[in-house]
Amino acid sequence: MHIDQLLALTSEASEQSAILWQSTHPGLPSNWGQGRTAFGGITAGLIYHALNQVVDNDRNIRAYHVNFIGPVSFDTPFELVIEELRTGRNMSQYLGKLVQNDRVCVCVQACFGVGRKSKIHVDKLPEHNMAIPKKAKFIPQIPKVTPNFFRHFELAIEQGQIPFSWSKHSHYHGWMRFKQPPATFTPTHLVTMIDCWPPAIIQQLKLPAPVSTVSWDIEFVQPLEVTEENPWFGYQVDTKLAVDGYAHTEATIWDNKQRVVALSRQTIAVFD
Ligand SMILES: CCCCCCCCCCCCCCCC(=O)SCCNC(=O)CCNC(=O)[C@H](O)C(C)(C)COP(=O)(O)OP(=O)(O)OC[C@H]1O[C@@H](n2cnc3c(N)ncnc32)[C@H](O)[C@@H]1OP(=O)(O)O
C-alpha cells in the first residue's frame with residue numbers, strides 16, 4: 001500500500017477536550033514491517049500526520065523527538081492521540097502517542113514555532129559534494145533479511161557497504177527517495193523517509209541480526225521547499241559510539257538543492 005493511501009486511512013481528529021484529539025487507524029499491513037514491528041518511519045510519520053491536523057498553520061515544525069517504546073502489530077487498529085501541552089504567541093508543544101490495544105507503542109514530543117526576526121545569524125551547516133544519482137543502486141531483496149518496508153524506498157549508497165557485509169565502516173553517505181512518488185511531498189513524508197536507512201553499524205555484522213531504533217531526535221532547520229515530483233534527499237550518517245548493544249548516530253539530511261533540511265540523532269539497539 002502506498003504511503004498516501006495509508007495516511008488517508010487515518011480518521012479525522014475528533015476533539016476529546018480543548019487540548020486533546022484522537023484519530024483512529026485500521027492498522028498497518030506487514031509490507032510496512034521491520035521484523036516483528038512496523039517500520040519506525042511510518043509510525044513516526046502517522047503521528048506527524050495527526051499532529052498536522054491540529055497545529056495552527058502559522059507555525060512550522062522545529063523539533064521532533066520520538067521514542068519507539070514497543071512493537072506495533074500488523075493489521076491491528078490503533079489510535080493516534082494528540083495532546084497540546086502549551087501554545088504561546090510563538091510556539092506550540094504537543095505530545096503525540098500511537099496507542100494499540102491500550103498500550104503506548106510510540107510516543108512523540110513535537111515543537112512547532114513561527115519564524116521571527118532576530119539579530120543573531122550563524123550558519124555552520126555542513127555541505128556535501130555528492131552528485132545527484134541518475135538511478136538507485138541495487139540492494140538485494142532477501143526474504144527475512146531485507147525488511148518488508150524497504151520496497152517503498154530507493155537508496156543510492158555512495159559510501160558504506162550493504163548491511164551484514166562484515167564492513168569496517170560505521171557511516172553511510174548517499175541519497176534516498178520514495179519508489180512511488182507521493183502526490184505532494186510534505187514533512188510527513190520526510191519524517192517517514194529518513195528512518196529508511198539501515199543503521200550504519202549493521203554493515204559491520206557478518207550475519208543478520210535484529211536491530212531497532214529506540215529513540216530519535218529530528219531538528220527541522222529549514223522549511224521544506226519541494227520543487228520536483230519525487231526529489232532525492234542527500235543523507236550522511238556517522239556512528240559516534242557503539243557499545244553494550246547500543247549505537248548512537250548523527251545524520252544530516254539535504255534536499256536536492258544542497259539545503260540542509262534536517263539534523264537527526266538516533267539511539268539504536270542491536271541484538272547480535
Ligand atoms: C544482505 C542485504 C540486506 C539488505 C538489507 C537492506 C535494508 C536494511 C534496512 C534495515 C533498516 C532497519 C532500520 C529501521 C528502523 C526501524 O524502523 S526499527 C522499528 C521502530 N522501532 C521499534 O519498533 C522498537 C520498539 N521497541 C521495542 O521493540 C523494544 O523497546 C526494544 C527496542 C526491542 C527493547 O528491547 P527489550 O526491552 O529487550 O524488548 P523485548 O520485547 O523483550 O524484545 C527483545 C527481543 O526483540 C528482538 N527484536 C528487537 N527488534 C526486533 C525487530 N525489529 N524485529 C524482531 N525482533 C526484534 C530482540 O532480538 C530480542 O530478542 P531475544 O533476544 O529476546 O530473543
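**View 1. Helix H3 and its buried residues.** In H3, the buried residues are Thr188, His189, Leu190, Val191, Thr192, Met193 and Ile194; buried means under 20% relative accessible area, exposed over 50%, and partly exposed in between, with a 1.4 Å probe and protein chains only. Because seven of the eight residues of this helix (187-194) are buried, H3 is largely enclosed by the rest of the structure. Helices (H or I, at least four residues) and strands (E, at least two) are DSSP runs, numbered from the N terminus. Please keep in mind that this is a predicted model, in which local features need pLDDT of at least 70, side-chain atom pairs count only at pLDDT 80 or more, and totals for chains, interfaces and linings use all residues. Residues are numbered from 1 along each chain as its sequence is written, and side-chain values use heavy atoms, with hydrogens and water left out.

**View 2. Confidence across the model.** The protein chain has an average pLDDT of 96, and 100% of the residues score at least 70; pLDDT is the predictor's confidence in each residue, from 0 to 100. The model's scores are ipTM 0.94 and pTM 0.96.

View 3. Two strands pair if DSSP finds at least two bridges between them. S5 (60-68) runs antiparallel to S11, with five bridges joining them, and it also pairs with S8 (residues 103-113) in the antiparallel sense, over eight bridges. Look for histidine 65: it stands opposite aspartate 217 in S11, and its bridge partner in S8 is glutamine 109.

**View 4. Strands S11 and S14 side by side.** S11 (211-220) and S14 (260-270) pair in the antiparallel sense over nine bridges. A handy pair to find here is valine 211, which stands opposite valine 270 in S14.

**View 5. The largest pocket.** Its volume is about 1,100 Å³. Of its 47 lining residues, Gln34, Gly35, Pro147, Pro210 and Val211 are the closest to the centre. On a 1 Å grid over the protein atoms alone, a pocket is an open set of points with protein on both sides within 12 Å along at least five of seven lines, a cavity is a set where a 1.4 Å probe fits but cannot get out, and lining residues have an atom within 4 Å of a point. Grid points are joined across faces, edges and corners, and a volume is the space filled by probe spheres set on the points. S11 gives the largest share of this lining, four residues. By class, the lining of the largest pocket holds 32 nonpolar, twelve polar and three charged residues; Ala, Val, Leu, Ile, Met, Phe, Trp, Tyr, Cys and Pro count as nonpolar, Asp, Glu, Lys and Arg as charged, and the others, Gly among them, as polar.

**View 6. The second largest pocket.** About 670 Å³ of space lies here. Among the 19 residues lining the second largest pocket, Arg62, Ile120, Val122, Val221 and Gln222 lie nearest its centre. Two or more lining residues come from each of S5 and S11, with S5 giving the largest share, three residues. The lining of this second largest pocket divides into eight nonpolar, five polar and six charged residues.

**View 7. Serine 17 in strand S1.** Serine 17 sits in S1 (residues 14-17) and counts as partly exposed because its relative accessibility is 32%. Glutamate 83 is 66 residues from serine 17 in sequence, and the two are 9.4 Å apart in space, C-alpha to C-alpha.
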